[in-house]
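I opened this model to look up a few local features. My notes follow the order in which I checked them.

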Amino acid sequence: MTSIPNAGAAQILRAISATIVENKAWLSEIDGKIGDGDHGVNMAKGFGRAAERTAPDASLTEALQTLSDVLMAEIGGSMGPLYGMMFSDMADALGDTDRIDAACFATMLRAGLDGVQEIGSAKKGDKTLLDTLIPAVETFEGQLAKGGSFADALAAMHKAAQDGRDSTLDMVARIGRSARLGERSRGVLDAGASSCALILSGFADEITTRLENA
């Protein structure tokens, strides 16, 4: 198959939420080395609450909007609004589409990236979630431009997200509280880039499974 139904695809986000909750301690441990140490706790709280409030048969559009609402209204710190805007713009991009194909997913990804960039001043190389998100989105789009299938583009996005996360290890933070550490922020993964990699890898894995089983 080359697409999946939007209806019932809330299960994709529920699976991603479970992964975020499972990695709560790891994300907070990373964040604690150069940040506040609460990234995993806040992310797990937001994703966990959103999953509880999302019906299993809901659409991905509905699930994304519910997640956005929870992150924007109930989660503190800088990541709540950033991720909240990203998921809200993703939901708007999907709208009431019946089926999600590669082009639709690309539009969703690009909308999410644009949303994050519109409310923040970070750039690629600043040691933030954008170091995962930008290469992942651009890689997905690039694969489609070369004639790759939905599954091929998802696999490439998965790898790009992991590579983007890992690239932050040797970066010096330039945004947020960790920026005050200067060179001491080098040698630690960025927590936002790490959670973003979990999210994008989750999308890739869950959609690929549905494409293969359709």
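These entries cover a cavity, a loop residue and a helix pair.

**Entry 1: the model.** I am working with a predicted model. I keep that in mind for every value below.

**Entry 2: cavity.** How many cavities of 30 Å³ or more does the structure hold? I found one. I then looked up the volume, and about 50 Å³ of space lies in the largest cavity.

Next I listed the lining of the largest cavity. I noted Ala10, Leu13, Arg14, Ser17, Ala50, Ala51, Thr54, Ala63 and Leu67. The elements giving two or more residues to this lining are α1, α3 (39-52) and α4 (60-74). Which element gives the largest share? I have α1 down for that, with four residues. I also sorted the lining by class: six residues are nonpolar, two are polar and one is charged.

**Entry 3: Asn23.** I moved to the loop between α1 (10-22) and α2 (24-34), where Asn23 sits. What does the side chain of Asn23 reach? I get the backbone oxygen of Thr19, at 2.8 Å. I also checked Asn23 against Ala44. They are 21 residues apart in sequence. In space I get 8.1 Å, C-alpha to C-alpha.

**Entry 4: α5 and α6.** I turned to helix α5 (residues 79-94) and helix α6 (residues 102-119). How do their axes cross? They come within 7 Å, and the crossing angle is roughly 145°. I logged the crossing of α5 and α6 as right-handed.

I then wrote down who makes the contact. From α5 I have Pro81, Leu82, Met85, Met86, Asp89, Met90, Ala93 and Leu94. From α6 I have Cys104, Thr107, Met108, Leu109, Ala111, Gly112, Gly115, Val116 and Ile119. By class, the residues of the α5 and α6 contact come out as 13 nonpolar, three polar and one charged.

Methods
Residues are numbered from 1 along each chain as its sequence is written. This is a predicted model: local features need pLDDT of at least 70, side-chain atom pairs count only at pLDDT 80 or more; totals for chains, interfaces and linings use all residues. Side-chain values use heavy atoms; hydrogens and water are left out. Axes are lines fitted to C-alpha atoms, for helices over the stretch in contact, and angles run from 0 to 180 degrees between N-to-C directions. A crossing is left-handed if the near helix is turned anticlockwise from the far one by less than a right angle, and right-handed if clockwise. Contact means heavy atoms within 4.5 Å. Ala, Val, Leu, Ile, Met, Phe, Trp, Tyr, Cys and Pro count as nonpolar, Asp, Glu, Lys and Arg as charged, and the others, Gly among them, as polar. A polar contact is a pair of N or O atoms within 3.5 Å; within protein, one must be able to donate a hydrogen and the other to accept it, and residues adjacent in sequence count only if both atoms are side-chain atoms. On a 1 Å grid over the protein atoms alone, a cavity is a set of points where a 1.4 Å probe fits but cannot get out, and a pocket is an open set with protein on both sides within 12 Å along at least five of seven lines; lining residues have an atom within 4 Å of a point. Grid points are joined across faces, edges and corners, and a volume is the space filled by probe spheres set on the points.
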